[in-house]
Amino acid sequence: MIALPSSIPKPCCLGGTRMQLRVSATARPAQTKSATMYELLSVEKTAGPEEIKAAYRVQARRWHPDVCRTAVDKAFFAERFMRAREAYEVLSDPSRRRDYDVSLLRADGWAIAVGAEAAAERRRRCAGEKESWGSRMRRADGWKASD
C-alpha cells in the first residue's frame, strides 16, 4: 500500500476527508482596456458588413445576460454584451467606423505625422504656393533627386 504524506488529505474512498471542487461554467478571458472594437468582435480591420454582423451575433449569443447561469457573473456578462453591442453599432456605420479607424491611427501616433504634413500642404495651398519651402531651397541650391 502507498503511504500518503500527512499534509495531503486522503481521498474519500480511503476513509479520509471529503474534498469539494467547484467548477465555473464560464471561463473569463483576461481583458485589457486597450482591446479594440475589432478584437471584441474577433474580426479583421478589413471585415465587411456581413462579417461584422455575423461576428456580433456570435458574441451576443455568447455574452447575453440571460445566458449567464450564475448571479455572480451576470454583471460581467452584461458589461461584455454592452461592449459588443457598442462595437457593432460603431463598426456597422461607415462614417462612425471611419472616425474610429482614424482615432486608432492617432493612438498609434501615425496620424499625428500625417496630420502635420496635411496641415503644411493646406497652408501652401492657401498661400498659393505649389511647392514647399524645402523644395524651393533644394531647387535654388541645384539639388537633384539623382544626387
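How many residues does helix H3 have, and how far does H3 reach from its first C-alpha to its last? Helix H3 has 19 residues and reaches 27 Å between those two atoms, close to the 27 Å expected at 1.5 Å a residue; the expected span is 1.5 Å times one less than the number of residues.

This is a predicted model, in which local features need pLDDT of at least 70, side-chain atom pairs count only at pLDDT 80 or more, and totals for chains, interfaces and linings use all residues. Residues are numbered from 1 along each chain as its sequence is written, and side-chain values use heavy atoms, with hydrogens and water left out.

**Overall architecture**

The secondary structure comprises six helices and zero strands, where helices (H or I, at least four residues) and strands (E, at least two) are DSSP runs numbered from the N terminus. Of the 147 residues, 22% are buried, that is, under 20% relative accessible area with a 1.4 Å probe and protein chains only (exposed is over 50%, partly exposed in between). Among contacts (heavy atoms within 4.5 Å) with a separation of 6 or more, 47% join residues 24 or more positions apart.

| Quantity | Value |
|---|---|
| Helix H2 | residues 49-63 |
| Helix H3 | residues 74-92 |
| Angle between H2 and H3 | about 170 degrees |
| Distance between the H2 and H3 axes | 9 Å |

Because of this angle, H2 is roughly antiparallel to H3, a term for angles over 145 degrees. Axes are lines fitted to C-alpha atoms, for helices over the stretch in contact, and angles run from 0 to 180 degrees between N-to-C directions. On the H2 side, the residues in contact include Tyr56 and Trp63, which belong to a set meeting residues of H3 such as Phe76, Phe81 and Tyr88. By class, this contact has eleven nonpolar, one polar and four charged residues.

Phe76 lies in H3 and is buried, with a relative accessible area of 16%. Its C-alpha atom is separated by 8.4 Å from that of Pro65, eleven residues away along the chain. Other buried residues of H3 include Arg80, Ala84 and Leu91.

**The largest nonpolar core**

A nonpolar core is a set of buried Ala, Val, Leu, Ile, Met, Phe, Trp, Tyr and Cys residues joined through side-chain atoms within 4.5 Å. The largest one has 21 residues, of which Met37, Tyr38, Leu41, Val43, Leu91 and Tyr100 touch the most other members. Helices H1 (37-41), H2, H3 and H4 (94-108) each give two or more residues to this core, and H3 supplies the largest share, seven residues. Leaving aside neighbours within four places in sequence, Tyr100 is in contact with Thr36, Met37, Tyr38, Val90 and Leu91.

Note on methods:
Parallel < 35°, antiparallel > 145°, perpendicular 65-115°, else oblique. Nonpolar A, V, L, I, M, F, W, Y, C, P; charged D, E, K, R; others polar.
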